Each structure stands twice: as C-alpha cells, then as structure tokens.
Amino acid sequence: MTVNPRRIFHLSEQPETWVEVDENAAHEIHAAEMHSRCGWTPFEDWKLKGRVRKVVLRGRTVFEDGNVLVEPGYGQNVRARRE
C-alpha cells in the first residue's frame, strides 16, 4: 500500500503522513456529505463497509470524523517533490 505505489509513480516518501480507517464502520454515500465542488456522486445511496476516520499529512491532522480541518491549498503536489 505504500512501497509499490511510491516506486511505480516515482513518489517521494512522506514522513509523518498516514490514514486511519475503521474497517467495521458501515455507512451510505450521500452527495450532500461529500467534499466536492460538483455536488453529486454516481455512488449515491451505496452502502459501504469501512470508513476513513483520520488523515494526517506532514504531522498535521487534516481530516477527522468527516471534517476537513485545513484551509484549501494545504495539500502538495507529491509528484513535484521527487527524491
């Protein structure tokens, strides 16, 4: 999940970066809850198992329990940061 994608896409290592997933959480997808500008999803009302709970980028919690905690533009183009 980390080594081969980095190798295949020539991505640099991202220290203090990880994603926490609750593998047992069940939920439905609804466009109103998505963090997207388009306002719709082809997966509306799909029932899923597993949910992202927390995302930490470069040591800073950027997403937790459905809430984006950083301002737009905080992300970085990881392809531009080649080793």
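Student: Which residues make up the largest nonpolar core?

Tutor: In this predicted model, the largest nonpolar core has five residues, namely Val-55, Val-62, Phe-63, Val-70 and Tyr-74. Val-55 also has contacts beyond its neighbours within four places in sequence, and among these partners are Trp-18, Val-19, Val-62 and Phe-63.

Student: What makes the four strands an open sheet with edges, and which strands stand there?

Tutor: The strands follow the order β1-β2-β3-β4 with antiparallel pairing. Because β1 and β4 each have a single partner strand, one side of each is left without a neighbour in the sheet, and these two therefore stand at the edges.

Student: Why is the pair of Asp-22 and Arg-53 called a salt bridge?

Tutor: The cut-off is a side-chain nitrogen of Lys or Arg within 4 Å of a carboxyl oxygen of Asp or Glu, and the closest N and O atoms of Asp-22 and Arg-53 are 3.7 Å apart, so the pair qualifies. Because Asp-22 lies in strand β1 and Arg-53 in strand β2, the pair ties together parts that are 31 residues apart in sequence. Asp-22 and Arg-53 are also linked with Asp-65 in a network of salt bridges.

Student: How many salt bridges are there by this rule?

Tutor: The count comes to five. One of them joins Lys-47 to Glu-28, with the closest N and O atoms 3.4 Å apart, and this pair links distant parts of the chain, since Lys-47 is in strand β2 and Glu-28 in strand β1, 19 residues apart.

Student: Why is Lys-47 called exposed, while Glu-28 is called partly exposed?

Tutor: Exposed means over 50% relative accessible area, and partly exposed lies between that and the limit of 20% for buried residues. Lys-47, at 66%, therefore counts as exposed, whereas Glu-28, at 31%, counts as partly exposed.

Student: What forms the nonpolar surface patch of about 240 Å²?

Tutor: The patch is made by Val-19, Val-21 and Val-52, and Val-19 lies in strand β1, residues 18-28. Nonpolar side chains are joined into a patch within 5 Å, and each residue must have over 30% relative accessible area and no salt bridge.

How values were computed:
Residues numbered from 1 in each chain as written. Predicted model: local features only at pLDDT ≥ 70, side-chain atom pairs only at ≥ 80, totals over all residues. Heavy atoms only, no water. Patch = residues over 30% accessible without salt bridge, like charges linked within 9 Å, V, L, I, M, F, W, Y side chains within 5 Å. Areas by Shrake-Rupley, 256 points an atom, 1.4 Å probe, with all protein chains shown as cover. Pairing = 2+ DSSP bridges. Core = buried A, V, L, I, M, F, W, Y, C linked by side-chain atoms within 4.5 Å. Buried < 20%, exposed > 50% of the residue type's maximum accessible area, 1.4 Å probe, protein only. Contact = heavy atoms within 4.5 Å.
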